[in-house]
Amino acid sequence: MKEIQNKLLTKSKATREDHFGRAICYLCIGLIIALVVCILYFITSRGIATFTQNHVNIWGFLAGTNWNPGSVDAHGNPEVGALPMIVTSFSVTVLAAAVATPFALAMAIFMSEIAGKKGTKFLQPVIELLVGIPSVVYGFIGLSVIVPLIRKIFGGTGFGILAGTIVLFVMVLPTITSLSVDSLRAVPLSYRQASAALGANRWQTIYKVILRTAAPGILTAVIFGMARAFGEALAVQMVIGNAVLMPKSLVSPASTLTSKLTTDVGNTVMGTLPNNVLWSLALILLFMSLFFNLLVRFIGKKGSIKK
Amino acid sequence: MKKRNIFSTLLMLGAVGAVLTGCGSNSASSNGSSSASDHAGKITAVGSTALQPLVEKAAGQFQNDNKKINITVQGGGSGTGLSQVQDGAVAIGNSDIFAESKPGIDSSKLVDHKVAVVGMAPVVNKDAGVDNITMAQLKDIFTGKVTNWKEVGGKDEKITVVNRAEGSGTRATFEDAVLSGAKAVKSQEQDSNGTVQKIVSSTPGAISYLAFSYLNDSVKPLSIDKVKPTDANVENNKWKIWSYEHMYTKGKAKTATADFLKYMNSKDVQDSLVKKMGYISIHNMKVQKDAKGNVTDAK
């Protein structure tokens, strides 16, 4: 009797293992959450300092076109207009996603609907390889191949939004493709069977049934691609020209938020205005990624496939 | 599927390990450099990427002779170097510019050690058809008044100005010597000598400026007022565009750090390594420059 009572009251080995595993999980999650909170707090406090300590007008920052944090304008306000960078960041992001989406979609359809196992087996590593190439390599190729090519065709220096778009196109392609493949594969088999039973051929099924059912997923894929393009720094910095000017054309040098950050952060002193405005740029980036995230959640909720 | 699971577990473990070791080594090095540098012989030097290769090489040689001293050299830029040394986070802050000329730095707390001189020359694409220029013309080009090479005696080609990142030491030096307070035209900005060299060599009509050690056959260095950009001309200040490479310490340098800085200034480094790496030895200078840019004869 005693023995049985003991057995029931002491923790078994399995229970202890369970507790141990749970503790590790909580510890890791806690660490990650603390890390995220720290990062958010740090960027926000630094980014806001521009407006609270240096008394920069927030509209002057968001809508101004003159960027020269080291000097002041005629009214004695520091020249920290970030609009050219915001516009450029958006332009390269939207253009890259717009160019990449048709290619990515074609590849996704091919992989999930048309090619058999063999085709997928071949294409999958190709796409994964594209993800694995470091961004500095993309930038270097852009600098040595794409920029001279654009210079030859369009004149000018070759640096600019077009070069950035082409480099980013290759970089977001795998993201959009693989996420699209997942959403196409998630379309239930019964939909395809029903479509076939109604006499639709393969193309009609893909176009009228599968693509439409998977549309929210594909949209999510595109937004993830855009988030990646928006945040990419190094490769873009190498080909965009880094001139804080309102972009006049696709082949005139411009500067994105991220490229400005990587170029300038080492040359400024913590706590001074030129450094604080860089944190404000980082804050804009943070808000944008938050926005992209919320958008993805919203779309996901609206359009999940009901089985 | 199973294989994938194993892979992802391994990856996770690796990532966690990397994070943990990363934290560990970080805290260790910051402890070492702030408090124990004089006892344990640990020195961290952070800052200017232009000076980094020289300090790294010198540190390597120095550590060969002094096995107990451990020197870490990092880049990050002159601004980072100055602010880190001011905060006491590192023992030495490397900078291309005087601490006095960087806003936000209290230069009275820092002690300057000049370890080398670097000359800079305007460079153009070989296509421009110019090899001499006056200082006034150079200023006009960089302020955007002159936009075609034919206006300064070259061929009919648009000038593409390639500048350095705002706040970088190289740009500060160049603007002090050439622009005399005027504002540079808005243009492309690149953040390294290597990229500038590549862009100028491949873009017709491009102009920028480079440290002497980056001059080669792919770009054309310009003479200014018929003075050629050579070490000898920098040493007697005929060539005006040059600056010191500084290694700053917070207060007077102590024990290991002082020894290392002394070594940087020794004949061993100045007569061989400094020249080999394309800098000009501080011992050869016949003039000296102060933080305001006044040049006097060296003592």
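1. A residue counts as buried if 20 or more other C-beta atoms lie within 10 Å of its own C-beta atom, and as exposed if 12 or fewer do, with partly exposed residues in between. By this criterion, buried residues make up 45% of the 299 residues in chain B. The structure discussed in this note is a predicted model.

2. Overall make-up of chain B. Chain B contains 10 helices and 13 strands. If one takes the contacts in chain B between residues at least 6 apart in sequence, 71% of them join residues at least 24 apart.

3. Domains of chain B. The domain assignment divides chain B into domain 1, formed by 41-116 + 243-297, and domain 2, formed by 119-235. A distance of 27 Å separates the C-alpha centres of domain 1 of chain B and domain 2 of chain B. Contacts between them involve 16 residues of domain 1 of chain B and 13 residues of domain 2 of chain B. On the side of domain 1 of chain B that touches domain 2 of chain B, 5 residues are nonpolar, 9 are polar and 2 are charged.

4. Strand β1 of chain B. This strand, residues 42-47, is mostly covered, with 6 of its 6 residues buried. In a regular strand, side chains alternate between the two faces of the sheet. In β1(B), B:Lys42, B:Thr44 and B:Val46 point one way, while B:Ile43, B:Ala45 and B:Gly47 point the other way; all are buried. The strand is joined by 6 bridges to strand β2 (residues 70-76) of chain B, and the two run parallel. Within this pairing, B:Ile43 has B:Ile71 of β2(B) as its bridge partner.

5. Helix α9 of chain B. Helix α9 spans residues 255-264 of chain B, and its buried residues are B:Ala256, B:Thr257, B:Phe260, B:Leu261 and B:Met264. Viewed down the axis of α9(B), these buried residues fall within an arc of 130°, so they line one face of the helix.

6. A loop residue of chain B. B:Lys240 is located in the loop between α8 (231-235) and β11 (242-250) of chain B. B:Lys240 counts as partly exposed because it has 19 C-beta neighbours inside 10 Å, whereas a buried residue requires 20 or more. Although B:Lys240 and B:Ala121 are 119 residues apart along the chain, their C-alpha atoms are separated by 9.6 Å.

7. The interface between the chains. Here 24 residues of chain B are in contact with 21 residues of chain A. Two elements of chain B, α4 (78-87) and β7 (188-190), each supply at least two residues of the side of chain B that touches chain A. The largest share of that side, 5 residues, comes from α4(B). By residue class, the side of chain B that touches chain A divides into 4 nonpolar, 15 polar and 5 charged residues.

8. Domains of chain A. The domain assignment gives domain 1 (1-47) and domain 2 (83-306) in chain A. The C-alpha centres of domain 1 of chain A and domain 2 of chain A are 37 Å apart. Contacts link 4 residues of domain 1 of chain A with 6 residues of domain 2 of chain A. The side of domain 1 of chain A that touches domain 2 of chain A consists of 1 nonpolar, 2 polar and 1 charged residue.

9. An unreviewed UniProt entry carries the annotation "domain: ABC transmembrane type-1" for residues 86-296 of chain A. Over residues 86-296 of chain A, the model is 79% helix and 0% strand, and the end C-alpha atoms are 21 Å apart. UniProt (unreviewed entry) also places the feature "transmembrane region" at several stretches of chain A, including residues 122-147 and 153-176. Residues 122-147 of chain A are 92% helix and 0% strand, with the end C-alpha atoms 31 Å apart. For residues 153-176 of chain A, the values are 75% helix and 0% strand, with the end C-alpha atoms 29 Å apart.

10. A buried glycine in chain A. A:Gly139 is found in helix α6 (residues 135-154) of chain A. A:Gly139 is buried because 23 other C-beta atoms lie within 10 Å. Leaving aside neighbours within four places in sequence, A:Gly139 is in contact with A:Val167, A:Leu234, A:Ala235, A:Met238 and A:Val239. A:Gly139 and A:Ser112 are 27 residues apart in sequence, and their C-alpha atoms are 31 Å apart in space.

Note on methods: Residues numbered from 1 in each chain as written. Chains lettered and ligands numbered in written order. Predicted model: local features only at pLDDT ≥ 70, side-chain atom pairs only at ≥ 80, totals over all residues. Contact = placed C-beta atoms within 7 Å. Helix = DSSP H or I, 4+ residues; strand = E, 2+ residues; numbered from the N terminus. Nonpolar A, V, L, I, M, F, W, Y, C, P; charged D, E, K, R; others polar. Arc of directions from axis to C-beta. Domains from an automatic or database assignment. UniProt positions renumbered as here; feature names shortened; annotations may be inferred. Pairing = 2+ DSSP bridges.
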